[in-house]
Amino acid sequence: MSKLAVFTLKLESELRDQFMAECEATHRPASQIVRDMMRQFVQAQQESREYDAFLQRKVDASRASIQAGREISNEGLEAEFSAKRAHVDSQE
């Protein structure tokens, strides 16, 4: 990937000095570490948005199911799975 953009930021002198010292300790250029951190941040943000969208689709599907009358009460669900567990236990 070509590096055609310049990114300038302001930060505290102490933070810059600490960061540069850690970069030197790892024998890696500061720009490489910043690029890696930026990539990690972008990936985390994308994954977070994808997960939020996934959850929203699940909520929407659940609401649609309820509106269509396909919901099941907690008691009904407990009874259904209790029966399934009993069936599995009886086969052992």
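A: A search of the whole structure finds one aromatic pair (ring centres of Phe, Tyr or Trp, its six-membered ring, within 6.5 Å; planes under 30 degrees apart are stacked, over 60 edge-to-face, the rest tilted).

This is a predicted model: local features need pLDDT of at least 70, side-chain atom pairs pLDDT 80 or more, while totals for chains, interfaces and linings use all residues. Residues are numbered from 1 along each chain as its sequence is written, and side-chain values use heavy atoms, without hydrogens and water.

Now the pocket. The largest pocket holds about 750 Å³ of space. A pocket is an open set of points on a 1 Å grid over the protein atoms alone, where a 1.4 Å probe fits, with protein on both sides within 12 Å along at least five of seven lines; lining residues have an atom within 4 Å of a point. Its volume is the space filled by probe spheres set on the points, which are joined across faces, edges and corners.

The lining has 21 residues, and F7, S31, V34, R35 and M38 are the closest to the centre. By class, 15 are nonpolar, two polar and four charged (nonpolar: Ala, Val, Leu, Ile, Met, Phe, Trp, Tyr, Cys, Pro; charged: Asp, Glu, Lys, Arg; polar: the others, Gly among them).

Helix α2 (30–67) and helix α1 (13–26) each supply at least two lining residues. The largest share, eight residues, comes from α2. Helices are DSSP runs of H or I, at least four residues, numbered from the N terminus. Just after α1, H27 takes a positive phi of about 60°.
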